[in-house]
Amino acid sequence: MMRYDPELGDGSWGQTTRLAVERCYVMHKMLRDLENDGWKQREEFKPYLDSLKGIPEKDDVSKVGKEYFEKMPGKVLEKFRFVFEKHVVSCWCSDDILHYIIGGNPTLANEFAAWMKPIGNTSWHAHL
């Protein structure tokens with residue numbers, strides 16, 4: 001992972017670093033699509049949703065209630081969003097590397113600039 005980038009040559013950052021900001025944006029976009037029950041519209045989750053049909057409602061106290069399983073995907077996505085912002089966004093969308101992002105690939109620079117919002121007069125932070 002920390003080898004030189006084959007496109008940029010010796011002395012460059014690790015191989016995955018060059019595309020890390022792009023990957024961060026793609027992960028943000030994909031996560032945003034799943035949040036707020038967006039996951040229910042995805043074909044990948046159809047088997048999960050179908051399996052909920054056989055689970056009793058909360059009134060049947062002899063078994064685990066359906067409401068637990070209906071809330072669980074949202075809770076998983078909340079945790080994923082928290083970890084994503086803490087460990088990915090804070091690193092790859094920081095002021096420390098902003099000049100590399102904006103000065104790099106034009107498409108990525110445009111997407112990243114659209115993702116940003118000003119806070120106060122000088123600081124920029126990822127708008128999630």
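Trainee: Where is Asn36 found?
Mentor: Asn36 is in the loop between α1 and α2, and α2 covers residues 46–52. Keep in mind that this is a predicted model.

Trainee: Okay, and is Asn36 buried or exposed?
Mentor: Its relative accessibility is 79%, so Asn36 counts as exposed.

Trainee: What about the phi of Asn36?
Mentor: Phi of Asn36 is near 55°, which is positive even though the residue is not a glycine. In general, most residues other than glycine have a negative phi.

Trainee: How far apart are the end C-alpha atoms of α1?
Mentor: They are 21 Å apart. The 15 residues of α1, at 1.5 Å a residue, should span 21 Å, so the two values agree.

Trainee: Nice. At what angle do α1 and α3 cross?
Mentor: Roughly 160°, with the axes of α1 (residues 20–34) and α3 (residues 66–92) coming within 11 Å. That makes α1 roughly antiparallel to α3, because angles over 145 degrees get that label.

Trainee: Is that crossing left-handed or right-handed?
Mentor: The crossing of α1 and α3 is left-handed.

Trainee: Which residues meet there?
Mentor: From α1 you have Ala20, Val21, Cys24, Met27, His28, Leu31, Arg32 and Leu34. On the α3 side they meet Leu77, Phe80, Arg81, Phe84, Val88, Val89 and Trp92. Sorted by class, the contact of α1 with α3 has 12 nonpolar residues, one polar and two charged.

Trainee: How exposed is Glu70?
Mentor: Glu70 has 39% relative accessibility, so it counts as partly exposed.

Trainee: And how far is Glu70 from Leu49?
Mentor: Their C-alpha atoms are separated by 8.5 Å, and the two residues are 21 residues apart along the chain.

Trainee: New topic: where does His99 lie?
Mentor: His99 lies in helix α4, which runs over residues 98–102. With 52% relative accessibility, His99 counts as exposed, because the cut-off for that is over 50%. The C-alpha atoms of His99 and Ala109 are 9.8 Å apart, for a gap of 10 residues along the chain.

Trainee: Zooming out, how many helices and strands does the protein chain have?
Mentor: It has five helices and two strands. Along the sequence, the pattern is α-α-α-α-α-β-β.

Trainee: How much of the chain is buried?
Mentor: Buried residues make up 25% of the 128 residues in the protein chain.

Trainee: Last one: what share of contacts joins residues 24 or more positions apart?
Mentor: Such pairs account for 39% of the contacts in the protein chain with a separation of 6 or more.

Note on methods: Residues are numbered from 1 along each chain as its sequence is written. This is a predicted model: local features need pLDDT of at least 70, side-chain atom pairs count only at pLDDT 80 or more; totals for chains, interfaces and linings use all residues. Side-chain values use heavy atoms; hydrogens and water are left out. Axes are lines fitted to C-alpha atoms, for helices over the stretch in contact, and angles run from 0 to 180 degrees between N-to-C directions. Helices (H or I, at least four residues) and strands (E, at least two) are DSSP runs, numbered from the N terminus. Angles under 35 degrees count as roughly parallel, over 145 as roughly antiparallel, 65 to 115 as roughly perpendicular and the rest as oblique. A crossing is left-handed if the near helix is turned anticlockwise from the far one by less than a right angle, and right-handed if clockwise. Contact means heavy atoms within 4.5 Å. Ala, Val, Leu, Ile, Met, Phe, Trp, Tyr, Cys and Pro count as nonpolar, Asp, Glu, Lys and Arg as charged, and the others, Gly among them, as polar. The expected span of a helix is 1.5 Å times one less than its number of residues. Buried means under 20% relative accessible area, exposed over 50%, partly exposed in between (1.4 Å probe, protein chains only).
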